[in-house]
Amino acid sequence: MAETTLTSIGTVRPDGLRGVAADWASDQRAFKNVSWGKAMMWIFLLSDTFIFGCFLLSYMTARMSTREPWPNPSEVFALNIGGTEIPLILIAIMTFVLISSSGTMAMAVNFGYRRNRKKTALLMLATAALGATFVCMQGFEWTKLILEGVRPWSNPWGAAQFGSSFFMITGFHGTHVTIGVIFLLITARKAWRGDFDVGRRGFFTGRRGTYENVEIMGLYWHFVDLVWVFIFAFFYLW
Amino acid sequence: MVDVTHGAAIPPAEVAEVDLYHPHSWWTKYVFSQDAKVIAIQYACTALGIGLVALVLSWLMRIQLGFPDTFSFITPEAYYQFITMHGMIMVIYLLTALFLGGFGNYLIPLMVGARDMVFPYVNMLSYWVYLLAVLVLVSGFFAPGGPTGAGWTLYPPQAITGGTPGGADWGIIVMLVSLILFIIGFTMGGLNYVVTVLQARTRGMTLMRMPLTVWGIFTATVMALLAFPALFVACVMMLIDRTLGSSFFMPAIVEMGEQVPTNGGSPILFQHLFWFFGHPEVYIVALPAFGIVSDLISVHARKNIFGYRMMVWALVAIGALSFVVWAHHMYVSGMQPYFGFFFATTTLIIAVPTAIKVYNWVLTLWRGDIHLTIPMLFALAFIVTFVNGGLTGLFLGNVVVDVPLSDTMFVVAHFHMVMGIAPIMVIFGAIYHWYPKITGRMLDETLGRFHFWVSFLGAYLIFFPMHYLGLIGVPRRYAEIGDMHIFPASAHTLNAFISIMAFIVGFAQLVFLFNLIWSIRHGREAGGNPWRAASLEWQTPETPPGHGNFGKELPVVYRWAYDYNVPGAKEDFIPQNEPGSYGASREHR
Amino acid sequence: MAIAIVLVLVVAGSVLFHLLSPWWWTPIASNWDYIDHTISLTFWITGFVFSAVVLFMAYCVWRFRHREGNRAAYQPENKRLEWWLTVGTAVGVAAMLIPGLFVWNEFITVPKDATEAELVGQQWQWSFRLPGKDGKLGLSDARFITPENPLGVDPNDPNGKDDIIVQTPELHLPVGKPVKVLLRSIDVIHDFYVPEFRAKMDMVPGSVSYYWFTPTRTGTFEVLCAELCGQGHPMMRGTVVVDTEADYTAWLGQQQTFAQMTAPQKVGAAD
Ligand code: HEA
Ligand code: HEA
Ligand code: CUA
Ligand SMILES: [Cu+2]
């Protein structure tokens, strides 16, 4: 009985699927070396995936069920630079910015592991900066479209759902990025101030800060990027 | 016997992350508390309070249906506002909040042997956002034009056009905002419940040793985290349609002779989004009830729950299946008719795992030692009403049978029996069961039995005859059936009878409410474990449990939560944290 | 103890109520008695299950109620029993589902010789459109709707010219002829429901839904709206009159076509 009462104790953990099964059958934790914070972020992201999934599916149904023609993205999203219409140029840049911000984020996490206070903070600031740039460019694109007469209820080129779903989905994603930027700044400040080294308690939560906060922040940020790739594909390339 | 101190191989019961924020002031102790137990009580009181409002609304509805046009203030507009608020409050702001926010917060940490939820601060926010959602919802009553009268299903275009109360005013906006807030608030709590169950159990507490209560709430929470997104999206889109005049759900229509500029939207899309949330939702309020009732029956029949494993897998199976049956609410919605075959099949398949649960509850009684305490009585009432309501669900699930019955009072009877009565019975049973742990005193027995008999028989008499109104063809959401000759005069008599019953049952709830308040001071001292139950929450050093639940040492778990009347044991129950190998046969560690 | 008796009474009461209550479905007036049969079958199976479960429970409560000194058995599970019960349930469910699906297949496959009739819902009244001589209905769109053209028939579609427009909430149908009703709404969702016909389907603005049935006896039947459509929902009434062939053609003769309706306006515009 002693063996069966306290499961998975002193036993070497098998790997592969049987390892997973063993963990789920064990006590205390289903994901053995995943901290609470990380687990929570993962599950939140799963839920958020469903939100974006529903948004995109609704957009597709709208696009397929509406009777009017759908505006041609590569014309709508073209920029006129030096007299030549370059299709999708702005989006290309925006996407590039966001992807590279994922890069800096990854490096920040990496230095976080090494408990390198300054580098972590700086790289997070860089990430935040890139994120902010993305939001600004999005703001630019919104203004451009609005000046061209795109409205939630109509637009010059065809189906009204184009405008509404575009503003809704990019807006919702943009909000995610903005929130991300804000939290990046907060976390960066904490890292810089050394909260994570001394385990200083958060002002609101009263929890001790650790460098893991950086990694959790990273999870969120990469997710937001990934979602963008899908939005990009469905809005601009379809 | 196990020597828990041997070897460094044993992970400490105390998990590294545990780091409680101990309250310093009265405010942080009772108001902005981060203690899951306090949050639970805040959730429960708010939910019951708003539930009372919904109950009063149901009386007003019944007055109109039973005795049409007796009160001039119950116009058709008002009637639709009443049913809408009644339905929405009952399903979301009462049941969902009470089961997950209330019972979830109180029981999960105690039952899995955790000191608190994993993120107490977020947990606290969850409550305050929920409270905000409730306040916004209530503000609808005072908004110009009153609350929305679109029915709790909020189908567009009707919900956002002038023909519906609140459709062209503030009503619908307020409702959508409140729902969005609720979802945000719930998500904060839900993440906590899930992570606590997965990552913060005490030593020896394997998933397959958790009480079914935790399993039920856990499964429901996971479902909620995946189902609410659909509602969230639907609400956002409808909000944009309503405020910015976009056309997600709005085709080209002519309203009251006026051409409306919307074009090309799809009302059916909303229905798919709503029901992709809506059907899981109805199981979200059912699964916690399934879990809790299993424990009530086991404890009060002094017998282990029959077929624990099957019970767990049935919960999971129901949870998974409920994501592929949503269109059974749309058989007559004008969607592609061939969907009917698929959804009818999946829908009826759900009857099988559900059936297993029913059988196991009943078989737990078999050769038990049944103490007919109030919780046990409510548990029995639950089984009766749930089986009844579930079986009428099979009528509706069988696509062609649904055609004549859909949108009639038969549907109303179905879902009240299965959702309006069954889980409510469990809530009552659970309150009588855990009240001693929460307050240290028992609820009054006599009042309790009165409350039980009136609620059970009364509610059954309200909703069982209602099926037959639906069978003659009385549609739902009719402010009055008026003078239609297909409906015999006796139908009106029946309506009157139903109404009177509703008032009686409602009155009994006030008695219950009184009992709740009175017993806090005057109830009989309960002691730590009045029901002689085995699960962890009854083994706390102090009652009510203090902040951190278990005092200095977290309990270590050696067995499942159902060791009752184990052969060879001296007591007729063995607490989960009692060492020793007797009882607890291997497959039920 | 009392509860055991009450449980038995609940079952007895429910069954008696079912058998004796005066409330039962309205006498059928269409070919959908299949649906009634399926419902009866479902009543039998579910009724049996309900009685069985609750009576067994009552027995347990009575037989194993707490008395001094008796102990509960320790019986964690019984795989074989659970397995058998599962299979039994599956069989019971299948017994209801399979006939149901066959009837549903009936319900959605419209016979070739069915004549079309368009039913249009709007807050809070019904109107109807029947194909004229050519047996074809003209195209329609909410955008064409004007006071003269309340159903939004496409003025440029020749098929529409001879369509018969009925604006009184009374529709006539010939007895014994299968009819495919095309359901359309010009504002919000409605649902055309005649209890005696058993069939119903939502009418969704922006799209056309349908169902079919064959009226099997003459008479006048009330139409209800079965989908919440705003404050007028319970008042949204109409009638369907099922006529003999002769009466039907007579009635048809008195109705005006789309062309006739819009003609006067054209003249007025000319001079
Ligand atoms: C707690 C909530 C709850 C639960 C658990 C259920 C359970 C079920 N419901 Fe219900 N339902 C609602 C809440 C719920 N429902 C609500 C709120 C609505 C209305 C929404 C609205 O429109 O406003 C609704 C509406 C609704 C509809 C749409 C009707 C319509 O609008 O036209 C349908 C159709 O399929 C349906 C089916 C079912 C089925 C098949 C089950 C099954 O899960 C039932 C399974 C249980 C059993 C079958 C009983 C136990 C089994 C046995 C004892 C085994 C023996 C059985 C046999 C051998 C056959 N429900
Ligand atoms: C959990 C869900 C729930 C509950 C408990 C109830 C309870 C009741 N409901 Fe409700 N009802 C719905 C969910 C619920 N309802 C929904 C979703 C709709 C659809 C709305 C729509 O169509 O849009 C609806 C619609 C609805 C209608 C149909 C209106 C119509 O279609 O025309 C009617 C008519 O009689 C009705 C009556 C009642 C009555 C008499 C009660 C009760 O009086 C039954 C007896 C009372 C109890 C069993 C006690 C319940 C206890 C509490 C509520 C807690 C009270 C708090 C404390 C004691 C502190 N309800
Ligand atoms: Cu038209 Cu209800
Ligand atoms: Cu459902």
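1. Helices here are DSSP runs (H or I) of at least four residues, numbered from the N terminus. In chain B, α2 (36-66), α3 (76-112), α14 (409-439), α15 (445-472) and α16 (489-522) each supply at least two residues of the shell around ligand 2.

2. This is a predicted model, in which local features need pLDDT of at least 70, side-chain atom pairs count only at pLDDT 80 or more, and totals for chains, interfaces and linings use all residues. Residues are numbered from 1 along each chain, chains are lettered from A and ligands numbered from 1 as written, and side-chain values use heavy atoms, without hydrogens and water.

3. Around ligand 2 there are 36 residues, where near means a heavy atom within 4 Å. Arg62(B), Tyr79(B), His86(B), His416(B) and Arg477(B) come nearest. A nitrogen atom of ligand 2 lies 2.7 Å from a side-chain N or O atom of His416(B). A polar backbone atom of Arg477(B) is 2.7 Å from an oxygen atom of the ligand.

4. Ligand 1 contains an iron atom, and its only protein donor is His414(B) (NE2), at 2.3 Å. Donors are N, O and S atoms within 2.8 Å of the metal (3.2 Å for Na, K and Ca). His414(B) belongs to helix α14 of chain B. The iron atom and the copper ion (ligand 4) are 4.4 Å apart.

5. Between chains B and C, 127 residues of chain B are in contact with 94 of chain C, contact being heavy atoms within 4.5 Å. The count of salt bridges between these chains is 0; a salt bridge needs a side-chain nitrogen of Lys or Arg within 4 Å of a carboxyl oxygen of Asp or Glu.

Definitions and conventions:
A polar contact is a pair of N or O atoms within 3.5 Å; within protein, one must be able to donate a hydrogen and the other to accept it, and residues adjacent in sequence count only if both atoms are side-chain atoms.
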